[in-house]
Amino acid sequence: MNRATHAARRGRGTWRLAAGIAVSLVLLAAPLAAKDHAAFAARSGVELAREAAVAWAADAVLVYVENDESVDGSGSAVRWGYLFHSPSLEKSRAYSVRDGKIVTAENLEMRFEAPALADGWIDSGAALAAVEKEAGKTLAKTPGLRLSTMLLMRGPFQDGDPDRTAWTLIYTVPEQPALFVLVDAVDGKVRRSWRG
Amino acid sequence: MRLTSFHVRAIAFLTLGAALAAAAAPKVHAEAQAEVKMERIKPEREKYETVRFLKQNRDFVRRRFDLLREKPVGASGDAGAIDPRYLEYSKMLAAVLADRDSVTRAAEARDRLTLLASITELGQLETQLDQMDRLLAAQRGRLGILQNDFTGRQQTALVVVASGWPAGTTVDSITIALEDGSHTTVTLTDAQRASLRDGGVLQLFHGFVEPRVQAFELTLAGSRWAAPAPAWVTLDPARDRITFLKLDLSTVAQGGAADMSARTWIHDESLPPGDS
């Protein structure tokens, strides 16, 4: 084997080493990127959003909560949205919270005179746990089922008792209507479920 | 020079010593000021979608709300939501009155004790003193609740002040607009102009603001500018603190608000050690 062949082999070896290091760095960086933003339960962001809301309108009340990023298995999300309504301004303003900071604040371009949420509502993790406990086995049998949305409000989905504050969990199923599960946000009981 | 293990140990020792000395040094308590950029074009920030389901299903949700809405019947019966704390206050007041009755009864009983000398009655006195202690503790608890409700609530605030006076132009008013759509216009009086010329500082705005990164729009109106051009300054008011923004008008010329220089700092209102 001549000197040129040796040099070519050394060159290829160096390239392989560099490529290996690059792949390793990418693999190491991927989980770090996922950890850039920590998931949290819905309640953790309420106080920050409320503080902003009362700066906007002193009579602002929390009327709606929704996950702004996907919900994990413990009912946490990287970003939650909180909607406040001001009766005096007749306006609603939403705050999106991530990593303990408000990343977006915007007025809702629609009339939305929702009633204020009751105090003491259970957190998103407890609501999801209640559904898992009540209907976990049934849900597990549905192929492709995915929890897409958790929203907290008072009124529209509670036919029998619209005054109760309730979590609505919305599961999507491929090529089927979504599955809605309603959890009472005060006593933590699953009230009903329906397809829609 | 080749490093021996002795050198390595010596360097490590010196580094540790320096770190300990830095940690032990007294910390200087100062309000750090920072210059902020005045921009002619409103800065763009990344926008995140929020309450997506609600927006996508707005008609459906509103229809459901409309079904729940009560129909007006002509009779008036408006009532505002009562803050649950105020309901608690009436209970606390009732407890205060009840405690006062208890204290009065205890005082009367104590007066009677002067006529009694038995050991059993002295024991009763001790029980009554314990009861008064408990009542005092309860009162302290109630005062604590009031203190938390009315003195412990700090909110994020912004104070905007102006200083300096431009040479060769007259500023008639200064407008500050927040991202939520609210705005404040301060029309300068002759006295305020004179004060600014003499080195005074004028407060333009003092109010609660949202604790988040946001752009404040500033506009100067005066004889120099037919159509005043606004400028934007981006701030991130710290939560539960007072953020100051100081505008220097002395540099203002043809460009209007964008010619101003600005500085910001956070007001440190914590008590010095020993006063808390």
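## Stop one: a hidden threonine

Select B:T156. This residue is buried, because its relative accessible area is 0%. Buried means under 20% relative accessible area, exposed means over 50%, and partly exposed is in between, using a 1.4 Å probe and the protein chains only.

Before moving on, some ground rules. This is a predicted model, where local features need pLDDT of at least 70 and side-chain atom pairs count only at pLDDT 80 or more, while totals for chains, interfaces and linings use all residues. Residues are numbered from 1 along each chain as its sequence is written, chains are lettered from A and ligands numbered from 1 in the order in which they are written, and side-chain values use heavy atoms, with hydrogens and water left out.

Where does B:T156 lie? Look in the loop between α5 and β2 (157-163) of chain B. Helices (H or I, at least four residues) and strands (E, at least two) are DSSP runs, numbered from the N terminus.

Now show what B:T156 touches. Contact means heavy atoms within 4.5 Å. Leaving out residues up to four places away in sequence, the list includes A:E51, B:G207, B:F208, B:P237 and B:D240. Click on B:D240 next. The C-alpha atoms of B:T156 and B:D240 are separated by 4.2 Å, although the two residues are 84 apart along the chain.

## Stop two: helix α5

Select residues 119-150 of chain B, which form helix α5. Two neighbours here are worth a click.

Start with B:Q128, which is found in helix α5. Is B:Q128 buried or exposed? B:Q128 counts as buried because its relative accessible area is 18%. Setting aside neighbours within four places in sequence, B:Q128 is in contact with B:A106, B:A109, B:R110 and B:L113.

Then pick B:L129, also in helix α5. B:L129 is partly exposed, because its relative accessible area is 44%.

## Stop three: paired strands in chain B

Select β9 of chain B, residues 261-267. Which strands pair with β9(B)? Strands pair if DSSP finds at least two bridges between them.

- β1(B), residues 34-36, pairs with β9(B) in the antiparallel sense over three bridges. B:E35 has B:R263 as its bridge partner.
- β8(B), residues 242-248, is joined to β9(B) by seven bridges, and these strands run antiparallel. B:F244 has B:W265 as its bridge partner.

## Stop four: two pockets

Show the pockets now. They come from a 1 Å grid over the protein atoms alone: a pocket is an open set of points where a 1.4 Å probe fits, with protein on both sides within 12 Å along at least five of seven lines, and lining residues have an atom within 4 Å of a point. Grid points are joined across faces, edges and corners, and a volume is the space filled by probe spheres set on the points.

The largest pocket has a volume of about 1400 Å³. Its lining has 35 residues, and A:R50, A:D59, A:A60, A:V61 and A:L62 lie nearest its centre. Colour α2 (46-56) and β1 (61-67) of chain A, plus α4 (84-113) of chain B: each supplies at least two lining residues. By class, 18 are nonpolar, three polar and 14 charged. Ala, Val, Leu, Ile, Met, Phe, Trp, Tyr, Cys and Pro count as nonpolar, Asp, Glu, Lys and Arg as charged, and the others, Gly among them, as polar.

The second largest pocket has a volume of about 610 Å³. Of its 27 lining residues, A:V103, B:R45, B:E179, B:R212 and B:V213 are closest to the centre. Strand β4 (101-107) of chain A gives the most to this lining, with seven residues.

## Last stop: chain A

Select A:G100, in the loop between β3 (91-98) and β4 of chain A. A:G100 is exposed, because its relative accessible area is 55%.
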